[in-house]
Amino acid sequence: MQPLHRRQPTSSNPRVQRTRNRVLAIARELLPEVGAGGLTYAL
């Protein structure tokens, strides 16, 4: 088993799903205000 800080997140993980959904919800709120050029992201 890998240490926690080295594990890759999996899309089936409920925490990953909650975080993804929250990020998308905030992006949808901001998009009309700032436009597509006003949003940035990093992987």
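The accessible surface of the protein chain in this predicted model amounts to about 4,400 Å², and 56% of that area belongs to carbon and sulfur atoms. Of the 43 residues in the chain, 0% count as buried, and the secondary structure consists of 1 helix and 0 strands.

The helix, α1, covers residues 14-34; with its 21 residues, α1 reaches 30 Å from its first C-alpha to its last, which is close to the 30 Å expected at 1.5 Å a residue. At the N-terminal end, α1 is capped by N13, a side-chain oxygen of which lies 2.8 Å from the backbone nitrogen of R15. Just after α1, at the other end, the backbone of G35 takes a positive phi of about 75 degrees.

On the surface, a nonpolar patch is formed by I26, L30 and V34, which together have about 200 Å² of accessible area. An α-helix has 3.6 residues a turn, and therefore residues three or four places apart point the same way.

Conventions
Residues numbered from 1 in each chain as written. Predicted model: local features only at pLDDT ≥ 70, side-chain atom pairs only at ≥ 80, totals over all residues. Heavy atoms only, no water. Helix = DSSP H or I, 4+ residues; strand = E, 2+ residues; numbered from the N terminus. Buried < 20%, exposed > 50% of the residue type's maximum accessible area, 1.4 Å probe, protein only. Areas by Shrake-Rupley, 256 points an atom, 1.4 Å probe, with all protein chains shown as cover. Patch = residues over 30% accessible without salt bridge, like charges linked within 9 Å, V, L, I, M, F, W, Y side chains within 5 Å. Salt bridge = Lys/Arg side-chain N within 4 Å of Asp/Glu carboxyl O. Expected span 1.5 Å × (residues − 1). Polar contact = N/O pair within 3.5 Å; in protein donor to acceptor, adjacent residues only side chain to side chain.
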